[in-house]
Amino acid sequence: MSFENIILEPHGKVMLIRLNRPKALNALSPALTKELGTALDQLEHDDNFAVVVLTGDEKAFAAGADIKVMKDLSYMDVYKADFITDTWERIRTFRKPTIAAVAGYALGGGCELAMMCDFILAAESAKFGQPEINLGTIPGAGGTQRLTRFVGKSKAMEMVLTARMIDANEAERCGLVSRVIPNDKLIEEALAVAQKIAGLSMPIVMMAKDAVNRSYEVSLSEGIHFERRLFHSTFATEDQKEGMNAFAEKRKPVFKNK
């Protein structure tokens, strides 16, 4: 796979995807999001890869949507094209695990893209924010919804209404990111975490991802019911038998993704 706005770097069963518009601080242009969607379409059906790590560079994960492209669009332009939904949401529907490795700015659409991943690992330099209010608009890729679920109403409302950025440590304290990592260790650690996941049973990992995501969509009782049925279904897999037998026999399991 060859692209202009993203770079794909295979690391065993992990695919590292770098957003690659450094002169624009990796602003999310339609061309970039389309390429990202195309890459994810291919990776989802490629059994050679089990986990995706999404990153930018040391200055910016992504500084937002490409305002130079957006500024002349009309209501009918964005409505008819189903702007954002058409391409951006692909990472949300990607069935394999996704990790956002964020250094530098993750603002506007960049913050929203990171939140679409399964979890965020942040470098000490990371800064998160939703500055759309300064441009006469509001977040449109989940900033008012996912951010509120992650950090709570008060902090989300402040960030959306004032455009205040938060640093990596505050993002960790309020639950937006999983961990803060030294700048020079971010990619190394993100790949190590991804490799650990990639060494597990992929069907089981995908079920676990489904179960956690379900918790944001339904009531607790419905979520527990969904989890319980998925738990029961793991007993129909060869990997569940291998995992439990390996534990009993005090050896490392050899999963076959079956």
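Cys 117 has a relative accessibility of 6% and therefore counts as buried, the term for under 20% relative accessible area, with exposed meaning over 50% and partly exposed in between (1.4 Å probe, protein chains only). Cys 174, at 14%, also counts as buried. The model is predicted, so local features need pLDDT of at least 70 and side-chain atom pairs count only at pLDDT 80 or more, while totals for chains, interfaces and linings use all residues. Residues are numbered from 1 along each chain as its sequence is written, and side-chain values use heavy atoms, with hydrogens and water left out.

A disulfide is taken as a pair of cysteine sulfur atoms within 2.5 Å, and by this rule there are zero disulfides. For Cys 117, the nearest cysteine sulfur is that of Cys 111, 11 Å away.

Next come the nonpolar cores, sets of buried Ala, Val, Leu, Ile, Met, Phe, Trp, Tyr and Cys residues joined through side-chain atoms within 4.5 Å. The largest has 46 residues, and Ile 17, Phe 128 and Leu 176 have the most contacts inside it. Another core, apart from that one, has 20 residues, among them Val 51, Val 53, Ala 101 and Ala 194.

Points are joined across faces, edges and corners, and a volume is the space filled by probe spheres set on them. The largest cavity has a volume of about 30 Å³ and is lined by Leu 28, Thr 33, Leu 36, Trp 88 and Leu 113.

The largest pocket has a volume of about 980 Å³. Of its 33 lining residues, Cys 117, Asp 118, Lys 209, Val 212 and Asn 213 lie nearest its centre. H10 supplies the largest share of this lining, seven residues; helices (H or I, at least four residues) and strands (E, at least two) are DSSP runs numbered from the N terminus.

The second largest pocket, of about 640 Å³, has 31 lining residues, with Ala 65, Asp 66, Ile 67, Met 70 and Leu 135 nearest its centre. Here H2 gives the most, three residues.

Conventions. On a 1 Å grid over the protein atoms alone, a cavity is a set of points where a 1.4 Å probe fits but cannot get out, and a pocket is an open set with protein on both sides within 12 Å along at least five of seven lines; lining residues have an atom within 4 Å of a point.
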